[in-house]
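Have your viewer ready and your selection tool to hand. We will walk from one selection to the next, and at each stop I will tell you what is there.

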Amino acid sequence: VAVPLPKPDWIRVRLSQAENFHTVKRVLREAKLHTVCEEASCPNIGECFGKGTATFMVLGALCTRRCPFCDVAHGRPQPPDPLEPQHLADTVARLGLNYVVVTSVDRDDLRDGGAAHFAECIGAIRRQSPATRVEVLTPDFRGRATLALDILAASPPDVMNHNLETVPRLYRQARPGADYGHSLRLLQSFKQRCPYVPTKSGLMLGLGETDEEVLEVMHDLRLHGVDMLTVGQYLQPRPGNLSVQRYVAPEQFDRLAAQARAMGFAHAVCGPLVRSSYHADRQAHAAGI
Ligand code: SF4
Ligand code: SF4
């Protein structure tokens with residue numbers, strides 16, 4: 001059994017006693033909604049809940065795929081809950097959120113990959129909270145991308161986010177079931193349908209990639225018209241998940257952010273605790289929406 005790398009000082013969980021933190025938790029429990037913040041034990045939960053922002057996970061908690069870096073449970077999911085979009089919209093309104101990220105597990109069992117459910121969530125939030133901006137962080141809709149993108153383009157979010165997660169060489173190991181070229185084309189095809197909606201993607205470092213490979217992925221993203229980037233440190237959620245191959249120093253993340261801006265990303269957030277939705281509101285603001 002490999003001995004895990006010791007965590008450096010810059011990896012630490014920020015806890016918050018902010019009043020909002022407890023309010024958000026209570027309201028989520030009452031609405032029976034899942035957040036990535038809680039399910040993935042995100043290290044930023046104190047800060048984000050304290051500010052009243054959250055990433056909601058719709059379409060259930062069971063994923064049809066099994067990526068070894070991810071601790072979402074694998075299994076046969078339930079059909080989409082038709083009441084979920086309204087429950088989500090009610091909760092967003094009740095918490096007075098002004099920026100919401102909506103994401104889901106992978107739903108290879110659904111004909112549209114869950115796109116219609118995403119569109120209903122966007123529509124329900126817009127009807128009840130017209131000023132709230134909605135970012136979607138979608139699965140790759142592999143095998144059903146045309147239908148899924150047509151549905152999303154008819155009810156577009158304010159930001160379209162799909163994470164590449166890692167470099168192409170590590171896909172077979174880290175993202176079985178996904179395809180690097182497909183994910184890039186998904187982002188590009190959405191941009192072609194909705195040129196005015198910023199696109200966004202993210203990477204985790206520490207799975208065995210090299211710095212050169214990361215730069216190549218960033219170039220590929222720009223070639224496919226992607227506007228915004230997040231890069232964070234991979235943390236092993238459980239002992240059974242892929243182990244951490246390296247901890248990237250904060251200075252190296254700063255260099256990456258500078259390189260991303262030089263490549264033309266409208267906004268790039270890179271840091272050890274950066275997650276796809278970290279400071280999503282500020283990222284969107286910086287990208288001009
Ligand atoms: Fe939730 Fe994203 Fe904030 Fe983590 S970074 S707590 S997942 S909103
Ligand atoms: Fe986790 Fe997404 Fe992979 Fe499902 S598809 S196991 S939610 S990373």
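Start by selecting β9, helix α10 (residues 250-263) and β10, which together make a right-handed β-α-β unit. Helices (H or I, at least four residues) and strands (E, at least two) are DSSP runs, numbered from the N terminus. Right-handed means that, with the strands pointing away from the viewer, the path from the first strand over the helix to the second runs clockwise. This is a predicted model, in which local features need pLDDT of at least 70 and side-chain atom pairs count only at pLDDT 80 or more, while totals for chains, interfaces and linings use all residues. Residues are numbered from 1 along each chain as its sequence is written, chains are lettered from A and ligands numbered from 1 in the order in which they are written, and side-chain values use heavy atoms, with hydrogens and water left out.

Two strands pair if DSSP finds at least two bridges between them. From β8 the chain crosses through helix α9 (residues 211-223) to β9, another β-α-β crossover that is right-handed. On the β10 side (residues 267-270), four bridges join the parallel strands β9 and β10.

Is β9 (residues 228-233) enclosed or open? Six of its six residues are buried, so the strand is largely enclosed by the rest of the structure. Buried means under 20% relative accessible area, exposed over 50%, and partly exposed in between (1.4 Å probe, protein chains only). Colour M228, T230 and G232, which point one way, and then L229, V231 and Q233, which point the other way.

Next, select R222 and F265: the charged end of R222 sits over the ring of F265, 5.6 Å from its centre. The rule asks for NZ of Lys or CZ of Arg within 6 Å of the ring centre and within 35 degrees of the ring normal.

Finish at ligand 1. Show C37, C42, N44, I45, C48, T55, R275, S277 and Y278, which surround ligand 1; a residue is near a molecule if one of its heavy atoms lies within 4 Å of it. By class, this shell has five nonpolar, three polar and one charged residues. Here Ala, Val, Leu, Ile, Met, Phe, Trp, Tyr, Cys and Pro count as nonpolar, Asp, Glu, Lys and Arg as charged, and the others, Gly among them, as polar.
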